[in-house]
Amino acid sequence: MSTHASDPLAALGSLPGVADAVDSVRKAVDRVYGHRVMRRRSNEISSEAALRGARGSAALSGADWALEEVRRRTDFSADPEARTVGAALRLSAEAGQLLSIWRQSPLRVLARLHLVAAGEQLDSVGRPRLDGEAVDEPLVEAPLPTPAEVAARLDGLAELIVAGGDAPALVTSAVVHGELLALRPFTSHNGLVARAAERIVLVGSGLDPKAICPAEVGHAEQGRAAYLAAFEGYLSGTPEGVGAWIAHCGRSVELGVRESTAVCEALQRGAA
């Protein structure tokens with residue numbers, strides 16, 4: 001984040017393309033919330049969005065399973081791909097339980113998310129990595145910040161979140177997502193945790209209070225190459241690059257909205 005304004009996150013709203021992305025996302029979210037099915041069956045839409053979001057996040061982390069396979073499977077321990085899908089599903093279920101804690105203690109929430117994703121009690125789980133500990137994150141190959149830099153930047157991010165401010169939810173969620181990908185603070189599952197944290201911000205901010213707009217679906221739909229290209233822009237720290245990352249995240253939310261709108265339409269037709 002390359003700004004020194006008193007509210008750095010809000011200042012990002014003036015970056016190229018960001019205001020348009022924020023406006024477009026707001027309109028898309030308002031449209032799906034106004035769907036007649038949402039008035040009666042919002043819990044079903046939320047459950048389906050959680051499942052589809054988990055599938056999308058797992059796909060970006062290398063486990064690109066068909067939705068029906070994710071829905072059908074009960075055992076997620078058989079192999080690395082299955083464990084990745086299981087981790088994504090656990091995170092999707094857990095995220096909603098952590099909304100009230102996020103604004104007061106985001107670092108505690110991140111530690112909890114890693115614990116849930118890992119699904120096992122190891123010394124390295126649920127805390128930032130230490131010097132000499134390897135990171136298993138095959139998707140992101142950017143240089144790895146040192147544990148000292150990780151700690152400093154996590155503290156800075158947490159301070160911004162706790163302080164609040166006027167930044168749009170899209171901006172805050174994209175920065176949280178981008179920072180966690182850049183830092184890879186844990187020894188594993190950083191991508192899954194980053195996308196779960198993005199979801200928490202979008203829901204907890206009030207933009208998507210019923211959690212029916214799964215950005216993870218949109219990230220997966222745009223593809224890993226586009227995801228990494230946008231992330232490279234965030235890493236660059238340039239106004240254009242950071243703005244492009246935020247716009248990419250906005251498009252992902254819009255695609256998540258489109259997915260849930262299709263679910264609404266199917267329910268309305270009695271086809272789901």
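## Where H12 meets H13

Ala-226, Tyr-227, Ala-230, Phe-231, Gly-233, Tyr-234 and Ser-236 in H12 are in contact (heavy atoms within 4.5 Å) with Gly-241, Val-242, Trp-245 and His-248 in H13. By class, this contact of H12 with H13 involves seven nonpolar, four polar and no charged residues, where Ala, Val, Leu, Ile, Met, Phe, Trp, Tyr, Cys and Pro count as nonpolar, Asp, Glu, Lys and Arg as charged, and the others, Gly among them, as polar.

The model is predicted, with local features needing pLDDT of at least 70 and side-chain atom pairs pLDDT 80 or more, while totals for chains, interfaces and linings use all residues. Residues are numbered from 1 along each chain as its sequence is written, and side-chain values use heavy atoms, leaving out hydrogens and water.

A nonpolar core here is a set of buried Ala, Val, Leu, Ile, Met, Phe, Trp, Tyr and Cys residues joined through side-chain atoms within 4.5 Å, and buried means under 20% relative accessible area, with a 1.4 Å probe and protein chains only.

## The enclosed helix H11

Six of the eight residues of helix H11 (residues 215-222) are buried, so H11 is largely enclosed by the rest of the structure. The cover over these buried residues includes H9, H12 and H13.

Definitions and conventions. Helix = DSSP H or I, 4+ residues; strand = E, 2+ residues; numbered from the N terminus. Buried < 20%, exposed > 50% of the residue type's maximum accessible area, 1.4 Å probe, protein only.
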